[in-house]
Amino acid sequence: MAMIFPRLLALSLPALALAGCASVDPSASFGNAQGTIRDRTGHRVEWSRGTQEDRQAEQAVRDLLSRPLTADAAVQVALLGNPSLQATFEEIGISQADFVQAGLLTNPSFSAIVRFPNVSPLGADQEFSVTGDFLQLFILPLRKKMAALQLEATELEVGNEVLSLAAEVKEAFYAVQADEQLQTRLELVNDIDKTAAELAEKQHEAGNINDLDLVNQKSVYTESQADVTQTRIDLVRDREKLNRLLGWTEELPRWTVSPQLPAIPADPLSAADLEKRALVQRLDVAAARKRIEALQKSLGITEGTRLFPGGIDIGVDTEKNPDRSRVTGPSIDVELPIFDQGQARVATLQAQLRQAQDRLAALAIDVRSEIRENREILEGRRQLADTYRQTLLPQRVSILKLSQEQYNFMLKGSYDLLLAKQQEIGAERAYIQTWRDYWTARAELEKAVGGFLPVPAAAEAKQTDPVAAASAAPAPMNMKP
Amino acid sequence: MSLSRRQLLARTGIAAAGTAFFGRVQSALAAISGTADTPGTVAGDGSYTPVVTPNGSTLPWVMKDGVKEFHLVAEPVKREFAPGMMVNCWGYNGSTPGPTIEAVEGDRVRILVTNKLPESTSVHWHGILTPNGMDGVGGLTQKHIEPDETYAYEFTLRQHGTYMYHPHSDEMVQMALGMMGFFIIHPKGGPKVDRDFAIFLMEWAVNPGTFTPNPSIMTDFNNFTFNSRVYPGTAPLIVKLNQKVRVRIANLSMDNHPIHIHGHRWWVTETDGGQIPKSAWWPETSVDVAPGTTRTMEFVADNPGDWALHCHKTHHAMNAMSHDIPNLLGVDQDAVTKKIKKLVPGYMDMGSDGMGDMAEMQMKGPKNTLPMMTGTGPFGPIEMGGMFTVLKVRESLASYDDPGWYQHPAGTVAQAVKSVS
Ligand SMILES: [Cu+2]
């Protein structure tokens, strides 16, 4: 006994040591995710766990909200304040705990039996045994490796969630920004229709138009009022959507958005290496790869131990008989693999592995397609916005100017002028919508590529003010970023 | 006019507006037509007073074997309707109307017609009694004159009066573009007048901002011309006090035009059917000239001054206007104008108190378009356009050049009086 116990102990020690070094603090893991996100987006995420950093993060959110928001600022606010994101971060905590669990040996079992004979000698029969799963000493490092892979996968998946959120925030933000710009235009259209209705009213008073013409003109005004109301509703809806993403509450400063959508870069986004870049940097792709690796490890373990599904319990048993003699010896407890040879568990894992591989292949196809699609859409909208800005808007401005020349010679009436003005505003409205759609597509593309696409500063500077100079409009589009 | 053709082209943007349709090279006679003062008449044989075609000319002739030979060249023409408006027309010898043909009853005439148009043409001698084969109806009495072909018409003049020449080949298009001219036959040794004017009426659809008349328009014309000019591009009729004046009016447009004279009454002496017996002459101040007819009036210019002479259909004494602008007469626009000005800077309200203000406003209009009401006289804006000119009757004249505005004897001009309440 004196000999065996230390030996048993010595055998277990490395495993104990292995298990002991696993901490349950997920900071390091979160740090990895934090780093990944910084690389991909240039933004900071904080995991709110009642520390000093929490207060700093809250202050940062307040600062960001008190200035007119940009898309980037909105993303930063959401990364610091979105409560669902905080819940997602806990996945790292769970994974970290799983990892620690994987490094812990199953506790050895001790059993004691005391029996009393009914014939002499009448002393107690005492039996003590200590057993432990011998097999896990070999499996443990493999299991830890597998858990580590799963933790890494979780870190990546969390990072991916952050990127998805960022894209969603950007889309919601551009929607609000565009709503506000559209609202200005629609109010102007409404103003035009109101003016036309007033003119009709005066004509009617003077006896120059009939009731039908008057009601026709007034109904146009009513319809444009309805349009304004509809945009106000849209704005409330889009603003609340963004509020949810930002994690905004009434205690925080009421935010405003910067008045202009960002300028559209003049040059098309190069298609080259976007797909390659995506396959390297897409966090969900990387996570899927890690999950496959983990499954491969798991399969390896299961295949290696398939005949011993219950493990190999090795122990030492000592029995003190009533006659005071002592019997001591090792024990082994093994399941006999007669019926269950682990084939089902192996098959399950094999299927799961194939499933994960198929899913990765599907994801890779999706990524490529998403990138092609979004890049084409992005480019299409860039060109369309360009057509609106460089061609249609100046044409509309010119139509107004030429209509005015005809008006001056009494070849056109006031209504024609108001209509030309309204069509100019209509072109601005279409331009704003395409402008917004460009940035929405860009956010989608960033999601597809798995990281932010920086806007070249030079391209942004190239964007000039095309319409304002030529426009006879009192509220011309200001294209300057 | 001291402007060269090139300068004019540059000024009006015609060069850029030229098309193949109108781009054919014009004959040596042709420049931009209408810009020069009315050139001198062609001296006749002394038996008649040569006709003055204001803003036009008379066709010279040569005598060949006892036949007066004239030469008409049908061709594209750039016609200035008034300064600031150039029109892509078709005409003869570089002008619309074509030069006036003058001859005397009994003359044998030969008219060579060369076609420099992009399509075939023919010439009909409206009202003139010719052999059937000289009547000029393409397809009916002769072959059409193809581009670059020259046809000879020859006949003896057996009547006198005011007649016309015009195409009878794709005539809707060719007349809508300005192909027309006077053919005046003087009586042999009849009584002479002192001044003899010929004015051709035409109406055109030249959309504001364009240069080419639209021949498919039937009623909605917007330019109404005396000799293919609109006021203030129309030359005044200059006469000396107590001169015997004849005015011949021809109309190939699609409307009738009541031509009205101020300060005088005139006698209608002829139609394109010929002379009216003197006993049947009737006095008028407005003579309705129907499409496809001529009217000849005579009067003694016994009332000195500057007298309007114009078509009495009010829209015809105006330049391009729209017929579907909102009626704002009597509409109090002040508040609305303020609003529209905010939306459309530079906007001004018009039409509340009538449209006369327009003649005063110097606003920018569409290119190649004349203001609807224009012209300035010694007392202010004249507020006219289109078929409008001025008959200037003076006691003394050094020449028939424009003598300027009439100097009214003291106390003969209407003036404001203290309001009588
Ligand atoms: Cu008329």
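A salt bridge here is a side-chain nitrogen of Lys or Arg within 4 Å of a carboxyl oxygen of Asp or Glu. Before you start clicking, note that this is a predicted model, where local features need pLDDT of at least 70, side-chain atom pairs count only at pLDDT 80 or more, and totals for chains, interfaces and linings use all residues. Residues are numbered from 1 along each chain as its sequence is written, chains are lettered from A and ligands numbered from 1 in the order in which they are written, and side-chain values use heavy atoms, with hydrogens and water left out.

**Stop 1: a pair on one helix.** Select Glu58(A) and Arg62(A). They form a salt bridge, with the closest N and O atoms 3.5 Å apart. Both sit in helix H3 (residues 52-66) of chain A, 4 residues apart, so about one helical turn separates Glu58(A) from Arg62(A). Helices (H or I, at least four residues) and strands (E, at least two) are DSSP runs, numbered from the N terminus. Glu58(A) is partly exposed at 43% relative accessible area, and Arg62(A) is partly exposed too, at 27%. For these labels, buried means under 20% relative accessible area, exposed over 50%, and partly exposed in between (1.4 Å probe, protein chains only).

**Stop 2: a pair across two strands.** Now pick Glu319(A) and Arg115(A), whose closest N and O atoms are 3.3 Å apart in a salt bridge. Glu319(A) is in strand E3 (residues 312-320) and Arg115(A) in strand E1 (residues 109-115), so this pair ties together parts of chain A that lie 204 residues apart in sequence. Glu319(A) counts as buried, at 17%, while Arg115(A) is partly exposed, at 37%.

**Stop 3: back to a helix.** Go to Asp386(A) and Arg389(A), another salt bridge, at 3.1 Å between the closest N and O atoms. These two are 3 residues apart in helix H10 of chain A, about one helical turn. Asp386(A) is partly exposed at 29%, whereas Arg389(A) is buried at 8%. Then hop over to chain B and select Lys64(B), Glu69(B), Arg108(B), Arg110(B) and Glu154(B): salt bridges with shared partners join them into one network. Over all chains, the count comes to 37 salt bridges.

**Stop 4: where the chains meet.** Show both chains as surfaces. In contact (heavy atoms within 4.5 Å) are 29 residues of chain A and 37 of chain B. Which residues of chain A lose the most area to chain B? Select Phe409(A), Met410(A) and Leu411(A), which together make up 27% of what that side buries. The two chains bury about 3,000 Å² between them, 66% of it on carbon and sulfur atoms; buried area is the accessible area (1.4 Å probe) that two parts lose on being put together, summed over both.

There are 2 salt bridges between chain A and chain B. Zoom in on Lys339(B) and Glu198(A), a salt bridge with the closest N and O atoms 3.1 Å apart. Colour H6 (136-205), H10 (343-408) and H11 (414-449) of chain A: each of these helices supplies at least two residues of the side that touches chain B. The largest share, 9 residues, comes from H6(A).

**Stop 5: the copper ion.** Finish at the metal. Its protein donors are His257(B) (ND1), Cys311(B) (SG) and His316(B) (ND1), 2.0 to 2.1 Å away. Donors are N, O and S atoms within 2.8 Å of the metal (3.2 Å for Na, K and Ca); water is not among the atoms, so sites may look incomplete. Along the chain, the donors of the copper ion follow the spacing H-x53-C-x4-H. Cys311(B) is buried, with a relative accessible area of 1%, and His316(B) is buried at 7%.
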